[in-house]
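Subject: Structure handover and findings

Hi,

Here is the structure for your files. My notes follow below it.

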Amino acid sequence: MTTPAELTENRAQYWKDGYTVLRGLYTDEEVEGFRKECDRLWNLDGLDDDLNLRTEFRRGPDGEYAFDRLDPVLDISPTLNEAATRPALLGALATVLGGSAAILKCKLIRKEPGVNGYAAHQDFLYWKWLETHPDLLCTVVLNLYPSDEESGGIGFYRGNHQKLLPGPPENPEGDFDPTRLDPSTIEVPALGAGDVLVFHSLAPHFSGPNHSDRPRTVLLPSYCVTDETGLYQRYYKREIVRRCKEMVGFERYFAHNDSL
């Protein structure tokens with residue numbers, strides 16, 4: 001288990017670099033159980049439906065679309081719900097963040113070999129509507145398999161989490177231009193199975209393509225230090241409406257229609 005001294009170090013690193021890694025919160029047996037649960041979820045009927053609001057597709061190595069996430073996931077998986085609300089995890093987050101944290105959202109991502117990563121961004125850009133201070137928001141990455149740069153692990157521009165960075169001139173309200181940050185600050189933490197990566201809502205981060213021979217599978221819950229109840233329900237009520245209005249994640253559906 002993580003000791004108080006280790007948590008003190010985690011807290012210092014988090015506020016200095018924008019992220020930290022918690023270890024020892026889950027046993028090997030528990031992680032194996034999470035893996036089996038993910039395999040079960042990945043084989044549920046209907047997940048590959050173009051209009052399933054819970055799923056999203058990414059470009060694979062052959063140019064075809066690959067199913068890569070379930071979002072939300074906690075309502076269909078008591079096992080992963082327990083993982084995301086584990087008292088030991090919530091206690092560690094309270095120490096790192098400086099207050100009791102409630103779950104905001106949670107998704108399961110499985111990046112198959114050859115599938116592309118995500119461009120550099122800051123999560124808070126998409127959470128401004130919460131009208132919450134960015135210091136109160138964080139994302140957690142529970143690794144179910146070892147993760148590193150080769151497998152498309154998350155990379156950070158270390159120490160650049162003090163403010164929301166502006167977008168490029170043609171889209172100042174969009175994601176920031178990574179060429180404006182010092183590339184020497186980039187770090188991609190190497191993580192073991194069961195390790196928990198915690199990062200600030202303003203931490204600039206990205207991920208590359210998975211060049212390994214195994215899927216990169218992670219549970220990504222996000223949290224907010226708040227006394228407010230029903231935050232998770234509030235988030236997804238808004239998110240589902242947004243997806244319906246913008247048809248977000250339905251690129252494959254449109255591409256199929258265009259080919260007819």
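How many of the 260 residues of the protein chain count as buried, as a percentage? The share is 49%. Buried means under 20% relative accessible area, exposed means over 50%, and partly exposed lies in between, with a 1.4 Å probe and protein chains only.

First, the ground rules. This is a predicted model, in which local features need pLDDT of at least 70 and side-chain atom pairs count only at pLDDT 80 or more, while totals for chains, interfaces and linings use all residues. Residues are numbered from 1 along each chain as its sequence is written, and side-chain values use heavy atoms, with hydrogens and water left out.

**Overall picture**

The protein chain has six helices and 11 strands. The radius of gyration is 18 Å, close to the 18 Å that the globule rule gives for 260 residues, so the chain is as compact as a globular protein of that length. That radius is taken over C-alpha atoms, and the rule is 2.2 Å times the number of residues to the power 0.38. Helices (H or I, at least four residues) and strands (E, at least two) are DSSP runs, numbered from the N terminus.

The C-alpha trace spans about 60 × 50 × 40 Å along its principal axes. Take the contacts between residues at least 6 apart in sequence: 81% of them join residues at least 24 apart. A contact means heavy atoms within 4.5 Å.

**Charges and salt bridges**

There are 28 positive and 41 negative charges, and their mean positions are 3 Å apart. Lys and Arg count as positive and Asp and Glu as negative; His and the chain ends are not counted. Each charge is placed at NZ of Lys, CZ of Arg, CG of Asp or CD of Glu.

Side chains of opposite charge can pair when their charged atoms come close. A salt bridge here is a side-chain nitrogen of Lys or Arg within 4 Å of a carboxyl oxygen of Asp or Glu. The count comes to 16 salt bridges.

Three of them in turn:

- Asp 71 and Arg 243 form a salt bridge at 3.0 Å, N to O. Asp 71 lies in the loop between strand S3 (65–70) and helix H3 (78–84), and Arg 243 in helix H5 (residues 231–246), so the pair ties together parts that are 172 residues apart in sequence. Both Asp 71 and Arg 243 are buried.
- Glu 112 and Arg 110 form a salt bridge at 2.8 Å, N to O. Glu 112 is partly exposed at 24% relative accessible area, whereas Arg 110 counts as buried at 18%.
- Glu 187 and Arg 158 form a salt bridge at 3.4 Å, N to O. This pair links distant parts of the chain, 29 residues apart: Glu 187 is in strand S8 (residues 186–187), and Arg 158 is in the loop between strand S7 (154–157) and S8. Glu 187 is partly exposed at 34%, and Arg 158 is partly exposed at 31%.

There is also a network of salt bridges that links Asp 71, Glu 239, Arg 242 and Arg 243.

**Loops to look at**

Asp 71 comes up again in the backbone. The peptide bond from Asp 71 to Pro 72 is cis, with omega near 10°. Pro 72 lies in the loop between S3 and H3.

Next, the loop between strand S5 (118–121) and strand S6 (137–143), where Trp 129 is found. Trp 129 is partly exposed, with a relative accessible area of 21%. Not counting residues up to four places away in sequence, Trp 129 touches Arg 234, Tyr 235 and Arg 238. Trp 129 and Tyr 235 are 106 residues apart in sequence and 10.0 Å apart in space, C-alpha to C-alpha. Glu 131 also lies in the loop between S5 and S6. Glu 131 has a positive phi of about 55°, although it is not a glycine, and is exposed at 76%.

Asn 210 sits in the loop between strand S10 (205–207) and strand S11 (216–225). Asn 210 is buried, at 1% relative accessible area. Beyond its neighbours within four places in sequence, Asn 210 has contacts that include Lys 111, Glu 112, Glu 150 and Arg 216.

Best wishes
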